[in-house]
Amino acid sequence: MACSPLGSLGPHCNPPFQMGRPSPGCSCLGGALGLMGMQKSKAKPNGKKPAAEERKAYLEPEHTKARITDFQFKELVVLPHEIDLNEWLASNTTTFFHHINLQYSTISEFCTGETCQTMAVCNTQYYWYDERGKKVKCTAPQYVDFVMSSVQKLVTDEDVFPTKYGREFPSSFESLVRKICRHLFHVLAHIYWAHFKETLALELHGHLNTLYVHFILFAREFNLLDPKETAIMDDLTEVLCSGAGGVHSGGSGDGAGSGGPGAQNHVKER
Ligand SMILES: [Zn+2]
């Protein structure tokens, strides 16, 4: 199971999201982690963070430098000539969805209603909102299930992500892509915040870092994530993305000056 740089994988290479089922590969995880002396269910409930564990292991230099490729994602995310923006957004979003789903599946057996009673990242708890906009309090695995099944539904909906020649993208397409990216970001952030230890034990932190950098740079290129939303992980983003050609302003805004040449404009023009 590999989370290769997304450029090299098409949607067909990825297993479909399997809700509520153990991921392929899970069978070996218990053993691997058992050897590392990790326990599945005795961990602290997330959301209430013990001060002693506040150190963010994912920020340690020996971990942040782990990658599976030194590819310049900054170049990879730029819209290629002759490719329609929406097609580019659709294909990348779909692929990120598959990769983030896959990355989460590697630690999903450790993300339970007991270990992760809320969808927590740092001091923030995320709530799911159902179709009627009603706030749903849920555990992290439930939240991830909601995310993955709703995204799966969208990316396979021919009216939203059309694949047939001549079919148009809906006018709401970009805002749907933004929503998808926001939710996928929550999942990535949760993996770092609550499951970095397991990811490390599985030696998949290089994959996670690589995926994170690619995803963040892509989202930044097309203004798909609100900086306020991602601020929670700015410390990590700063470290991981500074060497990837994407110096992050951290702040305010609209990405002025931080995107590729003309990249932001593609979105704004629409
Ligand atoms: Zn979790």
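Cys-116 is situated in the loop that joins helix H4 to strand S1 (119–121), where helices (H or I, at least four residues) and strands (E, at least two) are DSSP runs numbered from the N terminus. This residue counts as buried because 25 C-beta neighbours lie inside 10 Å; a residue is called buried if 20 or more other C-beta atoms lie within 10 Å of its own, exposed if 12 or fewer, and partly exposed in between, with C-beta atoms placed from the backbone. The structure is a predicted model, in which local features need pLDDT of at least 70 and side-chain atom pairs count only at pLDDT 80 or more, whereas totals for chains, interfaces and linings use all residues. Residues are numbered from 1 along each chain as its sequence is written.

In the UniProt record, an unreviewed entry, the feature "binding site" is placed at Cys-111, Cys-116, His-190 and His-195. These positions are spread over 85 residues of sequence and yet cluster in space, the largest C-alpha distance being 9.8 Å. UniProt positions are given in the numbering used here, feature names are shortened, and annotations may be inferred rather than shown by experiment. His-190 belongs to helix H6 (residues 173–201) and is buried because 24 C-beta neighbours are found inside 10 Å. When residues up to four places away in sequence are not counted, His-190 touches Met-119, Val-121 and Ala-140, two residues being in contact if their C-beta atoms, placed from the backbone, lie within 7 Å. Thr-115 is likewise assigned to the loop between H4 and S1, and with 22 C-beta neighbours inside 10 Å this residue counts as buried. Thr-115 and Ala-140 are separated by 25 residues in sequence and lie 8.8 Å apart in space, C-alpha to C-alpha.

At the level of the whole chain, the secondary structure comes to 10 helices and 4 strands, and these follow the pattern α-α-α-α-β-β-β-β-α-α-α-α-α-α when read along the sequence. Of the 270 residues of the chain, 35% count as buried. Among contacts between residues at least 6 apart in sequence, 80% join residues at least 24 apart.

Two helix pairs were examined for their packing. Two packed helices are described by the angle between their axes and the distance between the axes. The axes of helix H5 (residues 140–155) and H6 come within 10 Å and cross at roughly 150°, where axes are lines fitted to C-alpha atoms, for helices over the stretch in contact, and angles run from 0 to 180 degrees between N-to-C directions. H5 is therefore roughly antiparallel to H6, given that angles under 35 degrees count as roughly parallel, over 145 as roughly antiparallel, 65 to 115 as roughly perpendicular and the rest as oblique. The crossing of H5 and H6 is left-handed; a crossing is so described if the near helix is turned anticlockwise from the far one by less than a right angle, and as right-handed if clockwise. On the H5 side the contact is made by Ala-140, Val-144, Val-147, Val-151 and Leu-154, and on the H6 side by Leu-176, Ile-180, His-183, His-186, Val-187, His-190 and Ala-194.

For H4 and H7, the axes come within 11 Å and cross at roughly 155°, and the two helices are therefore roughly antiparallel to each other. H4 passes H7 in a left-handed crossing. In this pair, Asn-92, Phe-96, His-99, Ile-100 and Gln-103 of H4 meet His-207, Leu-208, Leu-211, Phe-215 and Phe-218 of H7.

In helix H9 (residues 234–242), the buried residues are Leu-236, Thr-237, Leu-240 and Cys-241. Seen down the axis of H9, these buried residues fall within an arc of 100°, so they line one face of the helix, the arc being that of the directions from the helix axis to the C-beta atoms. The elements that cover them include helix H2 (61–64), H6, H7 and H8.

Several loop positions complete the description. Gln-72 occupies the loop between H2 and H3 and counts as partly exposed because 13 C-beta neighbours lie inside 10 Å. The C-alpha atoms of Gln-72 and His-214 are separated by 9.0 Å, although the two residues are 142 apart along the chain. Glu-82, in the loop between helix H3 (73–76) and helix H4 (85–105), has a positive phi near 75° in a residue other than glycine, and is exposed, with 5 C-beta neighbours inside 10 Å. Asn-223, in the loop between helix H7 (205–221) and helix H8 (227–230), has a positive phi near 55°, again in a residue other than glycine, and is partly exposed, with 19 other C-beta atoms within 10 Å.
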